[in-house]
Amino acid sequence: MKVVFWQQTVSPHMAGLADALAARGHDVAYVSGVELSEARLAQGWIAPSVDRAKLVILGRDEALENILVESSDAIHIVEGLRGNGIVGNVSERLQEGGARLAVIMETVNDRGWKGALRRVGYSWLARKIRGRAETILAIGDRTSDWLVARGFPETIVHPFAYFLPEADDFTADRAADRRFRVGFVGQLIERKRVDLLIDASSALDVDVDIVGAGSLKARLEDRAAASDHIRLLGKRPMDQVRTIIAEFDVLVLPSEHDGWGAVVSEALLAGTRVIVSDACGSCVAARHDEGSAVFPAGDLAALRAAIKASKAQGKVDAKERAARASRSRYLGAMAGAARLEAILQGAIPHDFPLTKAVP
């Protein structure tokens with residue numbers, strides 16, 4: 001099977017999947033507009049390695065026309081249904097040329113008047129793309145049902161996720177001689193609701209470690225300075241983040257919206273519990289994990305209760321960490337590649353559960 005991934009920037013959320021698919025014996029190319037965007041660099045991202053798939057940076061390695069000609073017999077997986085710069089242009093070209101097309105997209109923010117406009121817009125897109133895309137890879141909780149409600153054919157919409165390279169061995173017992181540790185990893189911006197996490201964890205006798213950078217950094221520094229349980233660890237390279245996450249007892253993602261929230265996959269693969277708002281696509285993974293929890297977005301009391309309940313379970317020891325990492329392997333890149341292969345070959349039905357391993 002010949003597969004081409006089209007993305008705006010080389011993403012660690014997708015590069016591992018492309019490599020794993022190539023490791024299964026397929027001819028895989030990963031085509032990107034840039035190696036890494038300025039915004040991602042500012043967040044501490046590093047360009048992920050792409051070892052088995054062929055990595056192509058448009059304008060640097062090869063021209064778009066050459067790639068389209070050479071990949072006319074491939075299945076093309078494009079990022080998103082709307083604009084997306086070069087990916088939008090490619091998608092239009094592929095549709096016009098009758099290429100085999102699959103679309104990968106995250107949970108759509110359906111709230112407020114903007115959500116109403118998005119519902120109208122995606123209903124129009126459903127009519128436009130009908131008969132042109134053979135597969136929609138729907139990342140996140142409720143995304144499949146949301147797309148079907150907009151008019152996308154149910155039989156082509158498959159639940160999907162961000163599948164990450166499998167974790168190192170983090171099963172050493174880190175629970176002794178420390179307080180219960182709560183963690184956050186991500187951008188320090190309004191949408192992520194780090195303030196809600198700080199408020200919810202106050203007076204619970206827990207340590208809170210916050211990793212990331214963003215526009216709220218100064219405000220959060222002031223709050224941390226007034227507390228003895230909050231540490232701002234700043235921006236960290238991505239290759240250090242999973243090790244940090246493996247030091248947490250629970251990772252909290254309290255966002256008012258996240259299409260998925262890849263740190264949740266990172267945490268579960270490292271054996272760390274998660275608490276996720278129901279406005280995050282990855283809440284489907286949190287619901288599936290014993291010991292993890294989902295709370296209503298913006299609900300301070302519910303988040304505080306979830307942290308308190310996690311603390312009552314005790315710190316995560318080596319046995320619990322190993323068990324969680326093992327049962328979360330369905331979020332790993334190799335499992336994701338097996339799922340993608342089965343979807344593209346028509347070997348599993350459209351409603352095959354995300355949390356079930358592909359046979």
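**Burial, helix packing and cores**

User: Why is Lys-192 counted as buried?

Analyst: In this predicted model, Lys-192 has a relative accessibility of 9%. Buried means under 20%, so Lys-192 counts as buried.

User: Where is Lys-192 found, and what does Lys-192 touch?

Analyst: Lys-192 is found in the loop that lies between strand S8 (181-185) and helix H7 (194-201). Leaving aside residues up to four places away in sequence, Lys-192 touches Phe-184, Gln-187, Pro-254, Ser-255 and Asp-258.

User: What is the packing angle of helix H5 and helix H6, and why is H5 called roughly perpendicular to H6?

Analyst: Helix H5 (residues 112-129) and helix H6 (residues 143-150) pack at about 70 degrees, and their axes are 8 Å apart. Angles of 65 to 115 degrees count as roughly perpendicular, and H5 is therefore described as roughly perpendicular to H6. On the H5 side the contact is made by Arg-118, Arg-119, Tyr-122, Ser-123 and Ala-126, and on the H6 side by Trp-146, Leu-147 and Arg-150. These residues divide into 4 nonpolar, 1 polar and 3 charged.

User: Which residues have the most contacts inside the largest nonpolar core?

Analyst: That core has 83 residues, and those with the most contacts inside it are Phe-5, Ile-77, Phe-160, Val-182, Leu-251 and Leu-340. Its largest share, 7 residues, comes from helix H1 (residues 12-23). A second, separate core of 32 residues includes Leu-58, Leu-64, Leu-94 and Ala-126.

User: Which residues does Phe-160 touch?

Analyst: Not counting residues up to four places away in sequence, the residues that Phe-160 touches include Leu-17, Ile-104, Trp-260 and Leu-340.

Definitions and conventions. Residues numbered from 1 in each chain as written. Predicted model: local features only at pLDDT ≥ 70, side-chain atom pairs only at ≥ 80, totals over all residues. Heavy atoms only, no water. Core = buried A, V, L, I, M, F, W, Y, C linked by side-chain atoms within 4.5 Å. Buried < 20%, exposed > 50% of the residue type's maximum accessible area, 1.4 Å probe, protein only. Helix = DSSP H or I, 4+ residues; strand = E, 2+ residues; numbered from the N terminus. Contact = heavy atoms within 4.5 Å. Axes fitted to C-alpha atoms, helices over the stretch in contact; angles between N-to-C directions. Parallel < 35°, antiparallel > 145°, perpendicular 65-115°, else oblique. Nonpolar A, V, L, I, M, F, W, Y, C, P; charged D, E, K, R; others polar.
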